[in-house]
Amino acid sequence: MTGTGRAIDHVVLATRDLDGAAGIYQSVGFTLTPRAAHTDRMGTSNRLAQFVEENFIELLEVDRPATLVPHDLSQAPPFFSFGAFNRDFLDRREGVSMLVFESGNARADLARFQAAGTTAYAPFDFDRLARLPGGDEVTVSFSLGFATSPDMPHTAFFVCQNRAREHFWKPPYQAHANRATGLRAVYLASPEPQRDAAFIGSLFGGELAAIPDGMSVRCGERQEVRVLAPEAIARKDPSFRADRSLGPLLAGVAVRTEDAGLQAIPSERACGMFLEWIVEPAAT
């Protein structure tokens with residue numbers, strides 16, 4: 001099938017204990033980057049499970065809540081605070097707080113969102129230090145562009161323009177004992193799958209298709225967002241508990257692997273995000 005929409009760059013897995021979450025993900029075979037601190041105005045730190053297909057899982061902790069800059073919806077365009085959103089998310093639960101798409105030009109993507117009538121925000125640029133596999137530190141740089149839906153108040157979307165790719169993607173961080181090679185799908189639990197799939201598809205023109213218990217949104221050549229009714233998510237992840245007061249929630253991911261012997265991991269054992277394994281050859 002010809003790809004439509006935009007490839008998924010990563011998911012943000014918000015956790016109250018980054019060191020503990022890292023131990024869990026390392027125990028199931030993921031190699032993680034060293035702990036890295038975002039700027040104080042974000043108030044967060046992360047560790048990443050990078051994949052050879054150049055997407056990743058971001059484990060994130062709000063470790064400096066006193067320094068983060070709050071939302072400012074009064075300015076034009078409004079300011080969306082990455083740190084404040086994740087702090088508020090973690091007041092309610094751990095899990096996948098944000099879905100992120102690749103971008104070659106975050107400002108152009110924001111203009112696209114605004115032209116389409118999607119709630120969009122001011123661009124956000126930042127740098128941080130990253131430690132290379134050999135121990136040296138380098139500066140990596142990003143531009144982000146956020147978009148939200150009023151029907152999904154506890155889920156956020158953004159584009160990520162990586163402005164220092166030569167320092168970011170490193171083969172030693174992309175080799176995993178579980179032989180994971182990339183994100184195949186992201187699951188969203190929604191009481192109204194058609195409505196929420198339509199929003200996600202509208203961001204980049206991702207093709208929509210009906211699937212059992214919900215909808216699929218095409219994300220480039222090999223990825224998709226699967227928007228399923230909460231009871232369908234619960235069949236995949238028996239530990240999933242829908243909370244209707246929170247609205248639609250990102251619930252899990254399907255990760256491509258070359259190891260046919262892996263078992264699915266429920267969200268209660270993986271910091272609020274279930275892991276499904278898809279056995280496929282690596283992309284070429």
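Me: How many residues does the largest nonpolar core have, and which have the most contacts inside it?
Reply: The largest nonpolar core has 47 residues, and Y25, F101 and L275 have the most contacts inside it. A nonpolar core is a set of buried Ala, Val, Leu, Ile, Met, Phe, Trp, Tyr and Cys residues joined through side-chain atoms within 4.5 Å. Buried means under 20% relative accessible area, exposed over 50%, and partly exposed in between (1.4 Å probe, protein chains only).
Reply: Please note that this is a predicted model, in which local features need pLDDT of at least 70 and side-chain atom pairs count only at pLDDT 80 or more, while totals for chains, interfaces and linings use all residues. Residues are numbered from 1 along each chain as its sequence is written, and side-chain values use heavy atoms, with hydrogens and water left out.

Me: Which residues is Y25 in contact with, leaving aside its neighbours within four places in sequence?
Reply: Y25 is in contact with L13, F30, L32, L59, A270, C271, M273 and L275. Contact means heavy atoms within 4.5 Å.

Me: Where is C271, and is C271 buried or exposed?
Reply: C271 is in the loop between β14 (249–257) and β15 (274–279); strands (E, at least two residues) and helices (H or I, at least four) are DSSP runs, numbered from the N terminus. C271 is buried, with a relative accessible area of 11%. Its phi is near 65°, a positive value in a residue other than glycine.

Me: Changing topic: how many disulfides does a search of the whole structure find?
Reply: The search finds 0 disulfides, a disulfide being a pair of cysteine sulfur atoms within 2.5 Å. For C219, the nearest cysteine sulfur is that of C160, 16 Å away.

Me: Where is M152, and what does M152 touch beyond four places in sequence?
Reply: M152 is in the loop between β8 (137–148) and β9 (156–162). M152 touches F157, L188, D196, F199 and P248. M152 and P248 are 96 residues apart in sequence, yet 5.6 Å apart in space, C-alpha to C-alpha. At 1% relative accessibility, M152 counts as buried.

Me: Finally, which residues are joined by a cis peptide bond?
Reply: A76 and P77 are joined by a cis peptide bond, with omega about -5°. P77 lies in the loop between β4 (56–61) and α2 (82–92).
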